[in-house]
Amino acid sequence: MSPEVASSVRAELGEGPSWDAKKEILYWVDIKKGLIYAHRPGNPSDEIVASAQGVSCVVPWSNGGLALTLQHGFYSLDLLSKKLQPISDQVDTKVETSRFNDGKCDPAGRFWAGTMDATEKNPTGSLYLLGKDRKLKKVLSQVTISNGLGWSPDNRAMYYIDTPTRKVRAFDYSLQTGEIYNERTAVDFAVSEQKGDPDGMAVDVEGMIWVAHWGGARLTRWNPSNGNLLETLPVPADQVTSCCFAGRNLDELYITSARDGLDEKTLASKPLAGSLFIARPGVKGLPTHSYVG
Ligand code: CA
């Protein structure tokens, strides 16, 4: 089934979706507008949960609230008071163009998120890990646009994307310690001449990975153990930013997109740019994990 529009929102830069299975809400953000949305399946009128300037990704918190990233740090959001509070030290504050970008929690409840250079040119970003003890660790540096993130069904691999490299990297993963080892290339967009650059991603129950194509108007499904392309899912928007499995049976794939970076002419011919889409890919996905802090 080709993707359908799920929400009446048209985001400037839709991103960072996560599925709260308990509440049956898909949270997602508009980075450019600094808004956090709650989408309830079947209802196109998304609720604005909070305005949070610089928000780039959001995940459920096991305490009932949300955990998220703003420009330079990790924050908590209390859903009743709408109060934002820092839960980490501020990072990369000396780099004028630096901001947090995509992030996800591992199955043990640690929050991984990376930063990027807003000019998208310089490798001044890093990948950070916020532990369950709320301690912050820099894990990778020399990153230009930190994206991706996902774990294999057996939790023994972590996937990561630095968008301009056009690669999905894989690492061996220790769920017990949160350490990554043995970096390798899982997917190379250049080798198979893919359109666009890899952005966000999701993992299905068969261990295959779904990658959003920024500038490529599609999602692709890959086998990360041999780098083979398995499927291409066209999306009626050029800037496809991320995806997340959701729904009661985790068989729905929500896809975020952007109007950002498109000229007037393209926007006129692609009126669905910036939409939240839903697809039923025929395979179930892995759940979103909450921050346990
Ligand atoms: Ca992204």
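Colleague: Which strands each supply at least two residues of the lining of the second largest pocket?

Modeller: Six elements meet that condition in turn: strand 2 (14-20), strand 6 (57-60), strand 10, strand 14 (146-151), strand 18 and strand 22 (239-246). Please keep in mind that this is a predicted model.

Colleague: Which strand gives the most to that lining of the second largest pocket?

Modeller: Strand 10 does, with 4 residues in the lining of the second largest pocket.

Colleague: What is the volume of the second largest pocket, then?

Modeller: The volume of the second largest pocket is about 310 Å³. Its lining comprises 26 residues, and those nearest the centre are Lys104, Leu286, Pro287, Thr288 and His289. By class, the lining of the second largest pocket divides into 16 nonpolar, 8 polar and 2 charged residues.

Colleague: Take Pro287. Where is it found?

Modeller: Pro287 belongs to the segment after strand 24 (277-279). The C-alpha atom of Pro287 is 7.4 Å from that of Trp19, although the two residues are 268 residues apart along the chain.

Colleague: Why does Pro287 count as partly exposed?

Modeller: Its relative accessibility is 43%. Partly exposed residues fall between the 20% limit for buried and the 50% limit for exposed, so Pro287 belongs to that middle class.

Colleague: How much space lies in the largest pocket?

Modeller: The largest pocket holds about 410 Å³ of space. It is lined by 20 residues, and the closest to its centre are Leu13, Arg99, Asn101, Met116 and Glu120.

Colleague: How does the lining of the largest pocket divide into nonpolar, polar and charged residues?

Modeller: There are 7 nonpolar, 6 polar and 7 charged residues in the lining of the largest pocket. At least two residues of that lining come from strand 10 (98-105), and at least two from strand 18 (197-203).

Colleague: Asn147 and Asp199: buried or exposed?

Modeller: Asn147 is buried, at 3% relative accessible area. Asp199 also counts as buried, with a relative accessibility of 5%.

Colleague: And the rings: how many aromatic pairs does the count come to?

Modeller: The count comes to 10 aromatic pairs. Among them is the stacked pair of Trp28 and Tyr37, with 4.9 Å centre to centre and 25 degrees between the planes. Trp28 and Tyr37 are both buried.

Colleague: Why is the pair Trp151 and Tyr173 edge-to-face?

Modeller: The planes of Trp151 and Tyr173 lie at 65 degrees, with the ring centres 5.9 Å apart, so the pair is edge-to-face. Trp151 lies in strand 14 and Tyr173 in strand 16 (residues 167-174), so the pair ties together parts that are 22 residues apart in sequence. Both Trp151 and Tyr173 are buried.

Colleague: Last point: which residues do ring pairs link into a cluster?

Modeller: The cluster linked by ring pairs consists of Trp61, Phe74, Phe100, Phe111, Tyr128 and Tyr291.

Notes. Residues are numbered from 1 along each chain as its sequence is written. This is a predicted model: local features need pLDDT of at least 70, side-chain atom pairs count only at pLDDT 80 or more; totals for chains, interfaces and linings use all residues. Side-chain values use heavy atoms; hydrogens and water are left out. On a 1 Å grid over the protein atoms alone, a cavity is a set of points where a 1.4 Å probe fits but cannot get out, and a pocket is an open set with protein on both sides within 12 Å along at least five of seven lines; lining residues have an atom within 4 Å of a point. Grid points are joined across faces, edges and corners, and a volume is the space filled by probe spheres set on the points. Ala, Val, Leu, Ile, Met, Phe, Trp, Tyr, Cys and Pro count as nonpolar, Asp, Glu, Lys and Arg as charged, and the others, Gly among them, as polar. Buried means under 20% relative accessible area, exposed over 50%, partly exposed in between (1.4 Å probe, protein chains only). Rings of Phe, Tyr and Trp (its six-membered ring) pair if their centres lie within 6.5 Å; planes under 30 degrees apart count as stacked, over 60 as edge-to-face and the rest as tilted.
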